[in-house]
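Hi everyone, thanks for coming. I'd like to walk you through one structure today, so please have a look at it with me.

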Amino acid sequence: MKSTLGIILAAALTSAAATGPIPGRAKPAARPLTDGLAVLEAIFPVPSMTGNEERLAAKIRQLLPGGSAFDRDNLGSLYLKLGPGEPALTVLAAMDEFGYVVSGITADGYLTVDRPTAPPVPIYDSFLIGHPVLVSSNRGILHGLGVQPAMHVLTKERREQLASNLTLDMIFIDVGARSEAEARAKGVEILDPVTQWPDLVSLANGRMAGPALGQKAACAALAAAASGLVGTESAAGTTFVWMAQTRLSARGERASLGAVRARNKIAPKAVLLLDVVAADRGEKSPVLGGGPVLFQGQEGPSAVREAVESAAKEKGLALQVLTGLSTPALSAFAAAGIDAVVLALPAKFAGTPSEVIEKKDVQAVADIVSAAVASGRVK
Amino acid sequence: MRERNRGTGYRALFFLILWAAAASAQTTSDWDLLRQVVLVPGISGQEAKVMDWIEARLPKGVEAKRDAKNNLFFSAGQGRPHLLFVAHADELGMTVESFTPQGTVKLRGRGGFLPQACEARPFVIHTSKGPVEGVMLPRPDYDARAPKPFSLEPYELYVGASSEAEAKALGIEAGDQVIFKKKTADLGPGIMATRAVDDRAGCASLLAAALTVDWSKIKGRTVTCAWSVEEEVGLNGAAELAKTMKPDYVFAIDTFVSTDSPVENKRFGYARLGGGAVLRALDSSNLVPKDELRKVIGLAARRNIPVQVANSRGGNDGSVFVAGGAVDIPLSWPGAHAHSFVEKVDRRDLAALTALIRAVIMEFE
């Protein structure tokens, strides 16, 4: 008994003392969550680099009501069609965040990295230096860090090189190994994802910041909306898609691969894409605090747009309606003549490790999606 | 009956948890002390919380003192030689300087960081009302194809406020200390990286060593253990101590700036992490006489304590005592990525340092 208690106690204390993220740890509860912010907090720490979205997909499945009929495609996208009704609105969000892959292991145990997709902003590589990262190995999530030279021994030339001419050749990830064999013994393999440490920052006025926060928030809003609509008659025929590999382009197209794959798999007639757009970047950009952003793929009447605008009005939620915007995911549907609309969260410092969003926008997007689907305006 | 048994079990578990929590709070392990003290905020000039934390854990029976600059120390024994051990408690950081009409907070940087490592990263302002989190503004053209380099000054923090009044309502005041939001990366059993390992590892090691000594039995020598302020901004705390203390030997307990990484030249500064404590024989402020160095090497050998001898850069608190007649022998651990947000330390090195400090306290001739 004493030793059992000791083990329990030790486990509890170890858990309480842990300061780093443990994204791979499974939680037993699988209750439906309709609170977008709660879903966001649950999924935010889960790494989901392009082509490696399986951990996030599993987490979303875990959070949605038991018995939900999920489907997948061979890219890793997750599909949930509600009810037996005629295909109606399809609501999608991207699961993948930007990240690096392990491209090699040096003889002294450091990892080199490569970029499989374009970075969110050109300076993104510099965000690796001197900060902790996560390395997603098949044995679990490892803590690592982007090596930074000691400041005391940094020459002027080296300092200028780091400031102005940084290349991936100068970046090494330290996972605490002293040799290639040690790194491999930790489970590190070539192509393992390397992503930013998921540090969620709480700001004033109901704002929050973190890496890939806008994209994770869009995913969370979609999950919260879906969670509330499962089993409702009005939602029958609606399909929800958490897309994988949207940061890659489909061969021969500028549209995102994940979106093209979803389009070809389910042939939707009407699409609502949940996304993120840069805020506070000049006169024509949306502002943080102005509510979710709405724009459509093609000019002209749109049943999806009408449904979204009516839902926002019904809920008393502000929208920022913009024109002239597009995204690679939107292109995939608009180019095929599909009625496609984007409902996006505005994000300040978009594409940096501290994307800032408003908490209330997460729930606003979830509520608008729920009301738009429940209204039955898109059939 | 079953309910009563269950209640008894819960009570037992509750008291066991209380006991374990109390035991945990009074840990004497250098590693556990480091993991706790590294999280206590204390930039140069605002070290009070760190000093309070250390003072609360000092060995029973010693008389803790503070001087005018808030250096913390205690002494035991009497006569000569006088051995002084000093670790600095301050860390790199910034202070609040002013506000913009848009509600961002302008900071005064005190140097030491790689500027672009601060860009778009979270920091914490420690106000009298509690911590307030913020994000360092990225360069204005951060999303441009060819942006300008991130500039050193002025650092500006976005806290979510939209006006100066909103920012002030959060409790932020000019002079508040601002530090990087610390995250502890565990790179394996006994290897961690975070901000302020320099010199909280030294603070923890000196404290852990002190906790192993029966101070009432120190005879034929005077031993002083000190935790200094303002090392990072000019060895100011040590200079204050030097006004009244004239030790024969001073052992600065501080980081050995190691070049044990793939991005550094190993011509100097190479002490391997995991290779043991370091005798910092030469740095930017001090050169240890070889015969004195050999005494410590011999002592470590007799105690089977792994040590490395190396030279690097940076100053140390002990150097301000040299002009007064002291021999400065800095005792260190190899620290990689010094003055970054991921200063890396190996538990084995810290254990060796703690053992070496204890050995010097007890046996140094």
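This is a predicted model: local features need pLDDT of at least 70, side-chain atom pairs count only at pLDDT 80 or more; totals for chains, interfaces and linings use all residues.

Let's start with the open space. The largest pocket has a volume of about 1,100 Å³. It is lined by 45 residues, and those nearest the centre are A:Pro120, A:Arg247, A:Asp275, A:Val276 and A:Pro328. Which elements of chain A each give at least two residues to that lining? They are β3 (89-94), α6 (213-229), β13 (270-278) and α9 (328-334). Strand β13(A) has the largest share, with six residues.

How many cavities of 30 Å³ or more turn up in a search of the whole structure? The search finds seven. The largest cavity has a volume of about 70 Å³. There are 13 residues lining this largest cavity, and the closest to its centre are A:Asp199, A:Pro353, A:Ser354, B:Arg121 and B:Pro122. Seven residues of that lining are nonpolar, three are polar and three are charged.

The second largest cavity comes in at about 60 Å³. Among the residues that line the second largest cavity are A:Phe44, A:Pro45, A:Val46 and A:Pro47, along with A:Glu97 and A:Lys216. By class, this second lining has seven nonpolar, two polar and two charged residues.

Next, a single residue. A:Gln148 sits in the loop between β7 (140-146) and α4 (156-164) of chain A. Is A:Gln148 buried or exposed? Its relative accessible area is 1%, so A:Gln148 counts as buried. Beyond its neighbours within four places in sequence, A:Gln148 contacts A:Ile129 and A:Gly130, and from chain B it touches B:Leu114, B:Ala117, B:Val263, B:His337, B:His339 and B:Ser340.

Last stop, the helices. In chain B, the axes of α2 (residues 30-37) and α8 (residues 347-363) come within 9 Å and cross at roughly 110 degrees. Because of that angle, α2(B) is roughly perpendicular to α8(B). Which residues make the contact? From α2(B) we have B:Asp30, B:Trp31 and B:Leu34, and from α8(B) we have B:Arg347, B:Leu350, B:Ala351 and B:Thr354. That contact has four nonpolar residues, one polar and two charged.

That's my tour, and I'm happy to go back to any part of it.

How values were computed
Residues are numbered from 1 along each chain as its sequence is written. Chains are lettered from A and ligands numbered from 1 in the order in which they are written. Side-chain values use heavy atoms; hydrogens and water are left out. Axes are lines fitted to C-alpha atoms, for helices over the stretch in contact, and angles run from 0 to 180 degrees between N-to-C directions. Helices (H or I, at least four residues) and strands (E, at least two) are DSSP runs, numbered from the N terminus. Angles under 35 degrees count as roughly parallel, over 145 as roughly antiparallel, 65 to 115 as roughly perpendicular and the rest as oblique. Contact means heavy atoms within 4.5 Å. Ala, Val, Leu, Ile, Met, Phe, Trp, Tyr, Cys and Pro count as nonpolar, Asp, Glu, Lys and Arg as charged, and the others, Gly among them, as polar. Buried means under 20% relative accessible area, exposed over 50%, partly exposed in between (1.4 Å probe, protein chains only). On a 1 Å grid over the protein atoms alone, a cavity is a set of points where a 1.4 Å probe fits but cannot get out, and a pocket is an open set with protein on both sides within 12 Å along at least five of seven lines; lining residues have an atom within 4 Å of a point. Grid points are joined across faces, edges and corners, and a volume is the space filled by probe spheres set on the points.
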